[in-house]
Amino acid sequence: MKMNSIRVRLMLIFSVTFLLLLCLLLAVTKMFFYEYYISMNEKTMSTNVEGFRDRLMTEEQQKLLAELKQKTGASIFIYDSELNPIGPQTNPLLDRLGEDYLNDIEHIVMAGEEESYFNVTSDGHGSLMVFAERLPKDELIILTKRTGLADEAVKIFFRFVSITAVVIFLTGIVVTYFITRRLTRPIIKMESVTRKMAGQDFSEKLDVKGSDEINALMGSINRMAEHLSSSIASLNMANEKLAQELSKEQRLETMRRQFVSDVSHELKNPLAMIIAYTDGLNKEIPKTDEQRKDYYNIIFSEANRMNTLVKDLLDLSGYESGTFTIEKSNFIINDLIQESIERFSYITENKKIKVDFEPLINIEVFADRIRLHQVIINLLNNAFKYVDDGGIIQIEISKFDDKMKLLVANSGKLLPDSAFDKVWNSFYQVNTENKGNGLGLAIVRSIVQLHGGRCQAYTSNMMNCFEIIF
């Protein structure tokens with residue numbers, strides 16, 4: 001136990017209090033026990049003599065005297081009005097107290113000055129208690145008793161109390177240890193729990209088993225822990241939300257800078273081409289109408305390329321910023337896929353590509369029809385871009401656990417493993433020789449994420465597979 005613990009303090013308080021009480025008991029005994037002993041003897045003598053006098057008229061005197069002696073422990077003497085002893089007894093009081101003392105007693109009692117007489121005097125052999133009272137027929141009864149018993153009793157009492165005090169004190173220390181242990185256990189438990197609360201650990205609760213002040217305090221600590229836990233949880237949620245907002249702002253700022261950088265890079269070439277061919281026309285470099293037509297066609301092609309790039313960048317920026325809101329509805333995705341395939345029919349015929357799409361059932365989805373159409377177009381555009389002449393494009397749809405899976409695979413050159421995650425990034429192109437701006441799959445990923453889905457790319461059966469699930 002720690003010396004400054006509450007248990008040690010309680011034990012010290014008990015020990016000091018017990019010792020003080022013992023000292024007080026001994027002091028009071030020493031000061032008042034003798035007087036109390038004399039007082040009690042006076043009362044005993046008076047009460048029993050009163051009973052003796054009342055019964056004297058109906059009972060035998062000697063029997064009553066024996067009973068009175070037994071009850072009071074005193075020597076008993078009876079005198080007539082002339083102070084002559086009555087009965088077969090001598091008159092030892094004359095030797096002990098003297099005739100004058102007896103005359104004073106007789107005068108006080110028999111003259112009616114007092115109903116009874118009591119005093120402590122000395123007969124040369126020690127202190128002596130003397131009690132006298134008037135009896136019927138003007139007789140006088142006198143009781144005497146030594147006080148030496150009181151002195152002996154005080155000595156015995158002091159000795160007994162001293163020995164008993166040591167035993168009781170040691171026993172009290174042991175009992176106090178267990179009592180204080182029981183009393184301080186909930187306090188120690190509260191200290192442990194509140195220390196954990198200071199470290200924001202509110203998992204442990206105090207066991208309330210009663211309605212006293214300590215249990216009421218434990219209940220208050222439990223309620224405080226619940227309120228603190230709730231408040232801290234709310235603050236953590238608010239902080240987390242604030243952190244997400246800050247992260248979102250930082251992400252938007254990063255996207256803005258990346259957007260400016262990527263746009264500048266992507267627009268640089270078409271702008272340079274437009275400026276160069278416009279300058280050529282201005283300087284009349286092309287001499288014939290056919291040459292000028294070629295210049296116009298190049299300028300138009302580059303301008304159209306810029307328009308497509310800007311449109312895709314604006315769409316992607318809206319999707320990734322979180323400001324775009326999708327509008328969902330129920331529709332059959334089979335029809336949307338078939339419609340998208342027909343838009344690439346000219347490429348299918350020219351490159352002799354086989355498109356394999358034969359769904360077993362119609363699958364209904366709940367999504368934004370326009371944006372999902374854009375997803376399918378971009379996936380097909382990517383597949384047609386990289387498929388070999390005479391190759392195969394395979395499209396599969398399936399539904400499981402209330403989710404829809406769309407797979408678009410092509411038999412072109414297999415992607416390296418390092419490209420599987422990068423293909424969904426903005427402006428990333430595995431083969432820069434193919435026309436495109438590298439935004440198609442990035443737009444796919446953003447739209448799918450807006451629907452709460454995910455994208456993945458991999459190779460299977462010697463085909464590049466692009467899969468979305470939402």
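1. A word on terms before we start: a pocket here is an open set of grid points with protein on both sides within 12 Å along at least five of seven lines, and its lining residues have an atom within 4 Å of a point. Please also keep in mind that this is a predicted model.

2. Let me begin with the whole chain. The protein chain has 11 helices and 11 strands. Buried residues make up 35% of its 470 residues. Among contacts with a separation of 6 or more, 64% join residues 24 or more positions apart. The accessible surface comes to about 29,300 Å², and carbon and sulfur atoms hold 55% of that area.

3. Now to the second largest pocket, which holds about 380 Å³ of space. Its lining is made up of R182, L183, R185, P186, K189, L206, D207, K209, D212, I214, N215 and M218. Two elements, α5 (148-198) and α6 (213-282), each give two or more residues to this lining. The largest share, five residues, comes from α5.

4. As a reminder, an α-helix has 3.6 residues a turn, so residues three or four places apart point the same way.

5. Is N378 buried or exposed? This asparagine lies in helix α10, residues 369-386. With buried meaning under 20% relative accessible area, N378 counts as buried because its relative accessibility is 15%. Setting aside neighbours within four places in sequence, N378 is in contact with G440, I443 and V444.

6. My last point concerns T44, found in helix α1, residues 6-55. T44 has a relative accessibility of 29%, so it counts as partly exposed. Which residues does T44 contact, leaving aside its neighbours within four places in sequence? They are K71 and T72. For T44 and K71, the separation is 27 residues in sequence, while their C-alpha atoms are 8.1 Å apart in space.

How values were computed. Residues are numbered from 1 along each chain as its sequence is written. This is a predicted model: local features need pLDDT of at least 70, side-chain atom pairs count only at pLDDT 80 or more; totals for chains, interfaces and linings use all residues. Side-chain values use heavy atoms; hydrogens and water are left out. On a 1 Å grid over the protein atoms alone, a cavity is a set of points where a 1.4 Å probe fits but cannot get out, and a pocket is an open set with protein on both sides within 12 Å along at least five of seven lines; lining residues have an atom within 4 Å of a point. Grid points are joined across faces, edges and corners, and a volume is the space filled by probe spheres set on the points. Helices (H or I, at least four residues) and strands (E, at least two) are DSSP runs, numbered from the N terminus. Buried means under 20% relative accessible area, exposed over 50%, partly exposed in between (1.4 Å probe, protein chains only). Contact means heavy atoms within 4.5 Å. Accessible areas come from the Shrake-Rupley method with a 1.4 Å probe; for residues, only the protein chains shown count as cover.
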